[in-house]
Amino acid sequence: MGEALLDSLSQVLQLQTLGLMLLGVAIGFVVGILPGLGGPVTLALMLPFTFGMEPVEAFAFLLGMLVVTSTTGDITSVLFGIPGEATSAAATLDGYPLTRRGQGGRALGAVLFSSALGSVFGAFVLAAMVPVIRPVVLALSAPEFFMLTLVGLTFVVALSGKKVLKGLLMAALGLLVALIGIDSQEGIPRYTMDEIYLWDGIPLVPLVVGLFGGAEVLQLMLSRSSIAGGAGEMPKRITGIGEGIRDTLRHWPVVLRASAIGSTIGMIPGLGGSVAQFIAYGQARQSSKNPEQFGKGAIDGVIASGAVNNAKDGGSLVPTIAFGIPGGAATAVLLSAFLIAGLDPGPEMLTTELDVTYSMVWIVVLANIVAVAAAFAFLRPLTRLTFISGPLLVPFLLLLLGLGAYSSSNSFGDVLVMLVAAAIGVACIRWDWPRVPFLLAVVLGGIAERYLFVSYSLFGWDWLLRPTVIGLAVVLLLVFVVPALRRRQARSRNAPVAEEVRS
């Protein structure tokens, strides 16, 4: 293993391979900042250019591009409240409020540094798990995947704060939206209003862009101030970047937990980063000493969002390499690169082509380090954008929103979805309803329905007795019980103090 790691590093550091990786990083940097275009779309566009390349060169180009979109997608999420990627939505929840308070430098320092640490963790997981992952993943089946989606849905409670009833109602609305489209069991349209556009369901990218980015841009337009309007005039120096890095080091347990969640969820085909980000965010909120700050500018929420977003890339490569099962849309496109390069995912990648496999580990690490270094170099001019007057900035942001929504599938229907989602987002902000439970339910609703149907078709109701299902049910129970116990302990600690004050 050690020899294969060193041999793969020497291949990655060859001049031509390194140059292709840097080219991929540059493309990924631009794509990540532009919302809606996304890593999978860009991979598909760039795939033809890998014909004739050596395997390590091809993966240096494609992987360098893919992993960077996760990092730079967080930049627009934090600065403008517009997720650069659907998997960057959680970064808007606390990163954008910090920017509104004039702490954009601190938020960006935290999210970028935690992204770098998360990518290293994900690469380490990829290197360690490749030899042992096959029996682990094969032991999981549809019932386990269904229970994992339920565990994700239970975080609706954590993500709703004190507004649990509102959160549950928003989650119910999200589940109804997830039902729109062709019924996967019966094959008939459901709630489509005879519109062919809705047969595939509500697309996720314009929904995320509108719900978070569109709502914030409309709020900015109505406020007639800059994004960092509450922070006064534009400072001569942008400060807080170093503070954000120190925050990340102080909250290292959050980085580890979020990275572990990202890597684990990334390894499970069909779940992906949209699910992992909110599970990690919810877990960070539950374990925080100040959960009431989440959604208002909690730095540990920003750190968890950054770490999970990059760690999931290393995890998603594991099932793709081990036995040709893509962990998500991006790795499904990447699977085509294996065939173009003449490689067969599975035993070959773990034996004769082990150097190619471990080259991916080095590419993930090096590409993220380069991307984060480049992002830090551009932080100051990017952060200064948040002090520009809103009326001057809004037209550019609206163009960005429209481009992001339309480019996801080149359909004006996506722009309409984005506008409706933006209206819902503004209403949620105006009347203080949580948006995250709605999005989480939309993401997980279709997945849960599909796995429940497959579980019953394969095992009847006996799937409820599987040991792994019972174990996950215990985890699901703990998600409800642990916060309740913490609240009870807090009340019992505060009761004597309150009694003493009254006396």
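Q: In which helix is Glu449 found?
A: In this predicted model, Glu449 is found in helix H20, a helix that covers residues 436–459.

Q: How is the span of H20 to be read, from its first C-alpha to its last?
A: One sets the span against the length expected for the number of residues. H20, with 24 residues, reaches 33 Å from its first C-alpha to its last, which is close to the 34 Å expected at 1.5 Å a residue. Even so, H20 bends by about 35° at Leu444, and the residue that follows the helix, Gly460, has a positive phi, near 65°.

Q: Where do H9 and H20 meet, and which residues are involved?
A: A pair of helices can be described by their axes and then by their residues. The axes of H9, residues 164–178, and H20 come within 7 Å and cross at roughly 40°, and the crossing is right-handed. On the H9 side the residues are Gly167, Met170, Ala171, Leu173, Gly174, Leu175, Val177 and Ala178, and they meet Pro437, Phe438, Ala441, Val442, Gly445 and Gly446 in H20. By class, this contact has 10 nonpolar and 4 polar residues, with no charged ones.

Q: Where is the kink in H4 centred?
A: H4, residues 55–80, has 26 residues and reaches 38 Å from its first C-alpha to its last, close to the 38 Å expected at 1.5 Å a residue. Its kink, of about 30°, is centred on Thr69. Just after H4 comes Gly81, which takes a positive phi of about 75°.

Q: How many residues of H4 are buried?
A: H4 is mostly covered, and 26 of its 26 residues are buried.

Q: Is Thr92 buried or exposed?
A: The value to look at is the relative accessible area, and a residue counts as buried when this is under 20%. Thr92, whose place is in helix H5, residues 89–100, has a relative accessible area of 6%, and is therefore buried.

Q: Which residues does Thr92 touch, not counting those up to four places away in sequence?
A: Thr92 touches Ser77, Gly81, Ile82, Pro83, Pro97 and Phe212.

Conventions: Residues numbered from 1 in each chain as written. Predicted model: local features only at pLDDT ≥ 70, side-chain atom pairs only at ≥ 80, totals over all residues. Heavy atoms only, no water. Axes fitted to C-alpha atoms, helices over the stretch in contact; angles between N-to-C directions. Helix = DSSP H or I, 4+ residues; strand = E, 2+ residues; numbered from the N terminus. Left-handed = near helix turned anticlockwise from the far one by under 90°. Contact = heavy atoms within 4.5 Å. Nonpolar A, V, L, I, M, F, W, Y, C, P; charged D, E, K, R; others polar. Expected span 1.5 Å × (residues − 1). Bend = angle between axes of the 7 residues up to and from the residue. Buried < 20%, exposed > 50% of the residue type's maximum accessible area, 1.4 Å probe, protein only.
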